[in-house]
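The report below takes cavities, then cores, then salt bridges.

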Amino acid sequence: MTAADGQALKGRRALVTGGAGGIGLAAAKALAARGAHVVVADRDREGAEAAAAELGGSAWVVDLLDPEAVSEARLSEALDGVDILVNNAGIQRVSPIEEFDPQDFRRIITLMLEVPFLLVRAALPKMYANEFGRIINISSVHGLRASAFKSAYVTAKHGLEGLSKVTALEGGPHGVTSNCVNPGYVRTPLVEKQIGDQARLHGIPETEVLAKIMLTESAIKRLVEPDEVASLVAWLASDDAAMVTGASYTMDGGWSAR
């Protein structure tokens with residue numbers, strides 16, 4: 001990163017959901033390194049406050065599945081002055097459809113589709129007034145391709161792709177861009193937890209899950225690193241990406257090329 005890059009987002013305020021770990025923490029660090037004030041939003045109080053302190057930002061300790069926490073009044077306050085919104089928070093449940101708990105399905109759709117809509121809705125008025133905004137949705141290769149046993153996650157990510165594109169069309173005349181980042185399997189606790197679930201569902205040892213299940217479609221046989229995703233997030237937040245909107249950027253080792 002050049003000295004100029006360190007000031008590229010100076011004066012901007014970014015909010016990253018799920019910012020206390022994984023992709024969210026990496027994105028928060030990348031945005032802060034470029035001069036943005038970063039609001040780390042996470043239900044993990046200790047993690048959010050530690051990240052905010054490290055980055056010179058602020059913490060928003062919030063359970064985004066709590067209806068009161070995402071009320072219109074609360075979100076209007078939380079999103080006030082936010083120039084860059086990174087919708088990253090997510091959860092996973094791996095199960096055949098016929099065994100999928102409907103409550104788990106609703107939780108995933110709520111957190112990963114309805115909540116991003118509510119956050120975008122709250123952020124847009126101020127972004128429109130300032131004629132600048134960046135909506136960056138952490139989607140997935142599963143926003144473009146399906147995998148068995150992930151009905152809720154795939155449904156949520158496909159919906160997020162649609163929301164992102166509609167936001168791009170509406171926001172374009174007001175200086176607001178909206179894009180998706182679509183990584184394959186990223187080296188995060190969320191993915192590591194899936195290894196055991198996939199081993200159980202497919203009847204194979206955990207040591208074989210990466211090669212036989214997770215990376216079979218990828219030309220590059222490794223996990224994506226969080227910092228790689230974060231570098232793309234930071235670019236999409238910059239002035240250099242002002243003409244990039246309504247796009248979905250794959251970072252999946254060639255999975256979606258098939």
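## Terms and model

A cavity is a set of points, on a 1 Å grid over the protein atoms alone, where a 1.4 Å probe fits but cannot get out; its lining residues have an atom within 4 Å of a point. Grid points are joined across faces, edges and corners, and a volume is the space filled by probe spheres set on the points.

This is a predicted model: local features need pLDDT of at least 70, side-chain atom pairs count only at pLDDT 80 or more, and totals for chains, interfaces and linings use all residues. Residues are numbered from 1 along each chain as its sequence is written, and side-chain values use heavy atoms, with hydrogens and water left out.

## Cavities

Two cavities reach 30 Å³ or more. Helix 4 and helix 5 (151-171) each supply at least two lining residues; helices here are DSSP runs of H or I, at least four residues, and strands are E runs of at least two, numbered from the N terminus. Helix 4 gives the most, with five residues. By class, this lining has nine nonpolar, three polar and one charged residue. Nonpolar covers Ala, Val, Leu, Ile, Met, Phe, Trp, Tyr, Cys and Pro; charged covers Asp, Glu, Lys and Arg; the others, Gly among them, are polar.

The second largest cavity holds about 40 Å³ of space. Gln92, Arg93, Leu190, Lys193, Gln194 and Asp197 line it. Here the classes are one nonpolar, two polar and three charged.

## Nonpolar cores

In soluble globular proteins, nonpolar side chains tend to be buried together. A nonpolar core is a set of buried Ala, Val, Leu, Ile, Met, Phe, Trp, Tyr and Cys residues joined through side-chain atoms within 4.5 Å. Buried means under 20% relative accessible area, exposed over 50%, and partly exposed in between (1.4 Å probe, protein chains only).

The largest core has 32 residues; Leu15, Trp60, Leu64, Leu79 and Leu85 have the most contacts inside it. Strand 2 (37-42), helix 3 (72-78), helix 4 and helix 5 are the elements that give two or more residues to this core. Helix 4 gives the most, with 11 residues. A second, separate core has 29 residues, including Ala32, Ala36, Val181 and Val244.

Which residues does Trp60 touch, not counting those up to four places away in sequence? Its partners are Leu15, Val39, Val40, Ala41, Asp42, Ala69, Leu75, Ala78 and Leu119. Contact means heavy atoms within 4.5 Å.

## Salt bridges

A salt bridge is a side-chain nitrogen of Lys or Arg within 4 Å of a carboxyl oxygen of Asp or Glu. The count is 11. Glu54 pairs with Lys29, the closest N and O atoms being 3.9 Å apart. This pair links distant parts of the chain: Glu54 sits in helix 2 (residues 45-55) and Lys29 in helix 1 (residues 22-33), 25 residues apart. Glu54 is exposed at 55% relative accessibility. Lys29 is partly exposed at 36%.

Arg107 and Asp104 also form a salt bridge, 3.9 Å from N to O. Both lie in helix 4 (residues 102-130), three residues apart, about one turn of the helix. Arg107 is partly exposed at 33%, whereas Asp104 is buried at 17%. Salt bridges with shared partners join Arg93, Asp104 and Arg107 into one network.

Technical notes
1 Å grid on protein atoms, 1.4 Å probe; cavity = no way out; pocket = protein on both sides within 12 Å on 5 of 7 lines; lining within 4 Å.
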